[in-house]
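Hello,

Here is the structure I promised to pass on to you. Have a look at it first, and my notes on what I found follow below.

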Amino acid sequence: MERSVASSNEGSVPVCRLGWTLARLFILLGLGSQLVPVTGSRAIGGEPDGPRVVIRARAVITASGETHAPGMIVIEGGKITGIGKTVEFASPARIIEAGDQTVMPGLVLARSRYGLPGYSRGGLQAARKASDEVFPSEIDFTDLLEAGFTTVGFIPAGSGIPGHASAYHTAPAGGEPARLLREKAYVRVCMDNTAADKGGLRDSLSRAKAEIEKVKKAREEWEKKKKEAEEKAKAEKPKPPEKEEPKKEEPKTESPGQPTEETPPAKEAAPAPKEKPAEFVPPQIDPHLRPLVDWIEGKPDALPVFELGSASDFLHLDSVLEPYPTVKGSYYLALGSGSDYRPAYAALGERKALVMLEPALARIPYTASRIDPAADLARAGCQLVFVPRGDSPAELQRVRTRAAELVRSGLRRETAIRALTSNPAKVLGLGDRLGAIEKGKDADLIFLDGDPLEPESRVLRVMVGGEMVWEAGEK
Amino acid sequence: MNTSNVLSMAMLLVLASSLAASAEEAPKKPARHLAIRGATVHTVTGPVLAGATVLCRDGKITAIGSDIQIPEGAEVIDAAGHHLYPGLVVAGGTQGLVGGGNPEDSTDVYSLGMTLGLAGGLTTVVSDNQAAKLTQGAVGDIVLKRNLFERISYTSRNPGGRRALREAFERVREHLRATAEYERRKAADPEAKKPDDKWIQGEYERVLRLLEGRAVALVSAGEGHEILEACALAKLYGFKLVIEDAREGWTAASEMARSGASAIIMPRERVDPDERTGRPTGATTQNARILHEHGVPLAIATAGYISLGGMAGRDLQHLPMEAAYAVRGGLSDEAALAAITIDAARILGVDDRIGSVEVGKDADFAIADGDILHYMTHVRWTVVNGRVAYDRMKDTLFDHIRPPADAGSHPAVDHWPRSLGDDR
């Protein structure tokens, strides 16, 4: 395989010319239709060892702190393998010329009900998953793609603790309208109506704690029983143990819905000390409490996202969580007309919280004084996650332009870029896979005709997993 | 192996117990000190102390006097030239300052209603039959007392209800007598039967609580004859009574005093006399004075809400104005102040915690830039549970209002949160 180098200042390296010649050769050979900025990437995406794709753009915004202008991205098997001003790559490679375009990571929408119906449900429903109510084939993802979103986190409908958000790619792999990325991305926990929610969360957490105690007690009894059995065996050493009763009643505890305290596994087997102690079978945990148990034990499958309506809700939430220092989560701040989160900025910043909010200016309630919650939260130390005001197509489009407006009024550019890409990916638990143009990450990219933080810039093309999945003008 | 097992078990146990301990008790935080220096301290239950220091620790008053060592790290308010009062207490029902249901869970601790209440010097209000504090910026220690009163209806407009209530009192009193009789006989007579008490539920249970002195009755009685009838009932059955909205209390003051009833009044309330009756009726500004002179414990309340429309000065932001109106009717300044502090607290049964500036009581203060009963006075700071819950110069509501001599002397406060750093 021949090594080649592509470079922006062509001609300085002799090998480079060779690369170019090769590229031109491909074009001449009629493969050009797949190389030039048209899509037609059927042959490429998906296969782990498929041919390389090389993107040459006017600018590449990595969202991890760098901008390469011009920039190159090398993609192999749907993953990014090279990024920089100049990147070495092995041929053969399909080259996408985007010399007049800016490439950045696909935008990530961390909280949406786009295209989904509403349900009214309340209370503790933590075992639910949004994926159970999402039927991708019934959703038209065009608006999301057009706005530049390559990943969307659908939230479960309802109040209280309505369940898990599920993360999807907005575009196909092999003809599917969308692809499930992470079924249990995070758990939605509403705390915007504390009169009802605070008691509910407090009660759910204490029930989860009781479940932990229950398992602990069962384990202790099992250990006690095991020890007794061992001692007994030691005493009757000459006689070899007869295994006539293999794990008699143990599996019974597994049956769901069985009252828990009355028959811990140990007691069942206690009258038969000769029996060899079976494996410890922990008692069943209420599936709706399972996520909370995991938070308390500090090994969550999905972290909570607390949805607040005011700074007061934040204090109420903290007072509920005070006895559970291991429970950590992110926040969603609903920006209503009278909502003012300023008193919570410092505390949120101190814990470097991921904070979802609309990119919009607000007012100090009952005054005409403008405040910029996003910029102030960022300065306090929070990691911002921008979400649209609603799920209408226009609002989806506006997330980026609203962010641009905030940049114009003082938000740091890098903060805005991250709030659209890598931070929402983190909220969805996909931070190691998505949200930045880095080696090893998925090649989820968008091509714009200008800077993403210029309001008039348009998304021209969308790539998911190295495959071009959408192009402007194509509906 | 065994030893290590035991060891690790022991360690686990220690860990678990320490975890449990930390879960139950609040994690040890350093003591929170607040010192207010140089104010004229109106203790209400004691003397007025000029230029005194009030020291608080973790929400309680720990020292009052002129020669007090302020601990290091204490938050210090320099209140020279200001007047420090106990936080004002509204004994009448209110809405919109704390949350409904359980205020510990439902209160918006940054709400405009709460802020305006604090700006009026209020620190404790009644909501949903609970005494609750205006703990701006803190969600703990909101509720002071639950189930303040048993509200009973005893009005001539509902004769059936009146009869039912009297019958309930009669029946429960009979039951109490029978129970006492049984207790007396029990030792001597093994066959004595305990009176059945399964029927004591609902209304009967409420009446029982009143008869046993475990609860205080609250009766809304504006007219003189209603007040007299409620007092007669209280005297007959011997329960504690608070009469709310006692606008014609002055016509029945001696009867109220004899039956031990307390009164919650709104001195500005106006009612024309009813010329058809042959007795004194109607409202008078002297109501408060007359009740006080007869020895009726008195709380002054005002309309139970914050109003930002209509005529200003008639809502919870202006409780001292309501009390000042009683002074206009002849009540002494001291009694008027007591009626919005310690006497209101007594009527609510929370005077062990609030209502005066005394060592051991809650650190709830209204610190004003003048006599709190004067119409020119503004509350400068309000302290609740030892925390500054309101600071006029740091809030957007009234910071622009300055005395004429002071105008322009210092710039308006910038409310932008610039203190968080300049990482732009």
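A residue is called buried here when its relative accessible area is under 20%, and exposed when that area is over 50%. Please keep in mind that this is a predicted model.

The buried residues are B:Leu112, B:Gly113, B:Met114, B:Thr115, B:Leu116, B:Gly117, B:Leu118 and B:Ala119. What do they pack against? Their partners are four strands of chain B: strand 7 (122-127), strand 8 (130-133), strand 16 (379-384) and strand 17 (387-391). After the helix comes B:Gly121, which has a positive phi, near 90°.

B:Arg380 lies over the face of B:Trp381, 4.2 Å from the ring centre. Chain A has an arrangement of this kind as well: the charged end of A:Arg461 sits over the ring of A:Phe447, at 4.6 Å from the centre of that ring.

Staying with chain B, there is a helix pair to look at. Helix 4 (residues 159-185) and helix 5 (residues 203-211) of chain B have axes that come within 9 Å and cross at roughly 65°. The crossing of these two helices is right-handed. Which residues meet there? From helix 4 of chain B come B:Leu165, B:Ala168, B:Phe169, B:Arg171, B:Val172, B:Arg173 and B:Leu176. On the side of helix 5 of chain B are B:Glu203, B:Tyr204, B:Val207, B:Leu208, B:Leu210 and B:Leu211.

Now over to chain A. This chain has 11 helices and 20 strands, and 53% of its 475 residues count as buried. If you take the contacts in chain A between residues at least 6 apart in sequence, 70% of them join residues at least 24 apart.

The aromatic rings come next. A pair of aromatic rings is described by the distance of the centres and the angle of the planes. Over all chains, the count comes to 8 aromatic pairs. One of them is A:Trp222 with A:Phe280, a tilted pair with 5.4 Å from centre to centre and 50° between the planes. This pair links distant parts of the chain, 58 residues apart: A:Trp222 is in helix 3 (residues 194-235) of chain A, whereas A:Phe280 is in the loop between helix 4 (265-269) and helix 5 (290-296) of chain A. Are these two residues buried or exposed? Both A:Trp222 and A:Phe280 are buried.

A:Phe306 and A:Tyr331 make another tilted pair, with 5.9 Å between the centres and 45° between the planes. Because A:Phe306 lies in strand 12 (residues 303-308) and A:Tyr331 in strand 13 (residues 330-333) of chain A, the pair ties together parts that are 25 residues apart in sequence. A:Phe306 has a relative accessibility of 1% and so counts as buried; A:Tyr331, at 3%, counts as buried too. Elsewhere in chain A, A:Phe141, A:Phe154 and A:Tyr168 form one aromatic cluster.

As for cysteines, the count of disulfides over all chains is 0. A:Cys190 is buried, with 4% relative accessibility, and A:Cys382 is buried with 8%.

Last, a few backbone details. Most residues other than glycine have a negative phi, and most peptide bonds are trans. In chain A, a cis peptide bond joins A:Ala69 and A:Pro70, with omega about -5°. You will find A:Pro70 in the loop between strand 3 (67-68) and strand 4 (71-76) of chain A.

In chain B, B:Asn147 is not a glycine but has a positive phi of about 45°. B:Asn147 lies in the loop between strand 9 (143-145) and strand 10 (150-151) of chain B, and its relative accessibility of 53% makes it count as exposed. B:Asp245, which is not a glycine either, has a positive phi of about 60°. The place of B:Asp245 is the loop between strand 12 (240-244) and helix 7 (253-259) of chain B.

Key:
Residues are numbered from 1 along each chain as its sequence is written. Chains are lettered from A and ligands numbered from 1 in the order in which they are written. This is a predicted model: local features need pLDDT of at least 70, side-chain atom pairs count only at pLDDT 80 or more; totals for chains, interfaces and linings use all residues. Side-chain values use heavy atoms; hydrogens and water are left out. Rings of Phe, Tyr and Trp (its six-membered ring) pair if their centres lie within 6.5 Å; planes under 30 degrees apart count as stacked, over 60 as edge-to-face and the rest as tilted. Buried means under 20% relative accessible area, exposed over 50%, partly exposed in between (1.4 Å probe, protein chains only). A charge sits over a ring if NZ of Lys or CZ of Arg is within 6 Å of the ring centre and within 35 degrees of the ring normal. Contact means heavy atoms within 4.5 Å. A disulfide is a pair of cysteine sulfur atoms within 2.5 Å. Axes are lines fitted to C-alpha atoms, for helices over the stretch in contact, and angles run from 0 to 180 degrees between N-to-C directions. A crossing is left-handed if the near helix is turned anticlockwise from the far one by less than a right angle, and right-handed if clockwise.
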